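User: I would like to go through this model with you. Could we take the overall fold and then the details?

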Amino acid sequence: NENPEDKYKTALLGLYNKIAGSFNYILLNKDSGENARKYLEKRGISEETITAFKLGYAPSEKFWMYDFLKNKGYSEKFLAKSGIFAKKNNRISLFSNRIMFPIINIQQDIIAFSGRKLKESDWGGKYINSPETDIYKKGETIFGIHTAVKEIRKKKEFILVEGNFDVLAFYQSGIRNVVAPLGTAFTENQARYLKRYASKCLIVFDPDTAGIEATLKSAVTLEKYGISNYVINLPEGKDPSDILEKEGPEALNKL
């Protein structure tokens with residue numbers, strides 16, 4: 001018999017799966033998802049990749065999600081704690097007019113979201129990530145682990161990149177053991193977590209000042225947990241997703 005806490009977690013996982021399904025459906029089938037579809041196409045993201053990462057689109061209406069879920073029978077109290085809505089007004093969706101990246105753990109459960117804005121003028125940072133909940137602890141999860149873990153186990157090695165799109169770029173180039181730290185710095189918890197599966201890391205961050213700083217910090221963290229690490233030098237001013245977009249998967253493999 002499930003205790004209340006487990007019951008709550010199960011309900012939350014169910015909710016996240018349902019929402020990810022809706023976002024994905026809107027991206028692939030609805031008129032409102034057209035700009036997002038075009039954006040992904042422009043960045044060279046294939047439909048196979050969209051499916052593997054369960055990518056989606058959160059429409060620009062702020063209240064539709066709340067109304068949709070209320071109609072599905074979810075309680076106000078449950079939704080307020082779900083991490084899907086704004087703190088100040090729990091009817092307003094945290095994510096609107098964004099490309100949605102579900103954060104999927106090793107068990108293939110969707111435990112959080114990362115949303116990339118489509119219009120620079122829209123509210124909020126370039127990425128918004130879910131707040132911590134009973135099913136999501138920020139420093140302990142890493143983006144892309146659900147598609148990478150098999151290959152990481154086999155090679156005992158992973159590639160650490162900066163952003164979600166960089167993970168997609170490598171994945172599409174046939175390189176599967178790739179993860180990203182989720183919009184924040186690479187954490188000790190993440191290093192500890194990856195140490196279970198790998199003893200070596202290749203760091204591929206942007207070649208700008210922030211990227212170089214992040215590379216150094218990540219290298220120190222990796223060393224601390226006994227993960228030997230190497231840096232792949234990217235051409236000036238390019239990140240992996242630029243390379244995929246402009247030069248195709250072969251160029252990434254060469255690096």
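User: What should I know about the model itself?

Analyst: This is a predicted model, in which local features need pLDDT of at least 70 and side-chain atom pairs count only at pLDDT 80 or more, while totals for chains, interfaces and linings use all residues. Residues are numbered from 1 along each chain as its sequence is written, and side-chain values use heavy atoms, with hydrogens and water left out.

User: How many helices and strands are there in the protein?

Analyst: The protein has 11 helices and 8 strands. These are DSSP runs numbered from the N terminus, helices being H or I with at least four residues and strands E with at least two.

User: What radius of gyration does the protein have?

Analyst: The value is 18 Å, which agrees with the figure near 18 Å for a compact globule of 255 residues. The radius is taken over C-alpha atoms, and the globule rule is 2.2 Å times the number of residues to the power 0.38. Along the principal axes, the C-alpha trace spans about 50 × 45 × 30 Å.

User: And what share of the residues is buried?

Analyst: Buried residues account for 52% of the 255. Buried means under 20% relative accessible area, exposed over 50%, and partly exposed in between (1.4 Å probe, protein chains only).

User: How much of the contact set joins residues at least 24 apart?

Analyst: Of the contacts between residues at least 6 apart in sequence, 68% join residues at least 24 apart. A contact means heavy atoms within 4.5 Å.

User: What does leucine 15 touch?

Analyst: Not counting residues up to four places away in sequence, Leu15 touches Leu69, Tyr74, Phe78, Leu79, Ser82 and Ile84.

User: Which residues of helix H8 are buried?

Analyst: In H8 (residues 188–195), the buried residues are Gln190, Ala191, Tyr193 and Leu194. They cover an arc of only 160° around the axis, so they lie on the same side of H8. The arc is that of the directions from the helix axis to the C-beta atoms.

User: What do they pack against?

Analyst: The buried residues of H8 pack against helix H6 (145–155), strand E5 (157–161), strand E6 (178–179) and helix H9 (209–224).

User: How many salt bridges does the count give?

Analyst: The count is 10, where a salt bridge is a side-chain nitrogen of Lys or Arg within 4 Å of a carboxyl oxygen of Asp or Glu.

User: Which residues are linked in a network?

Analyst: Glu151, Lys154 and Lys155 are linked by salt bridges. The N to O distance is 3.6 Å for Glu151 with Lys154 and 3.5 Å for Glu151 with Lys155. Lys154 lies 3 residues from Glu151 in H6, about one turn of the helix, and Lys155 lies 4 residues from Glu151, also about one helical turn. Lys154 is exposed, with a relative accessible area of 66%, whereas Lys155 is partly exposed at 44%.

User: Why does that spacing matter in a helix?

Analyst: An α-helix has 3.6 residues a turn, so residues three or four places apart point the same way.

User: And what does glutamate 34 pair with?

Analyst: Glu34 forms a salt bridge with Lys38, the closest N and O atoms being 3.2 Å apart. Glu34 is partly exposed, with a relative accessible area of 36%.
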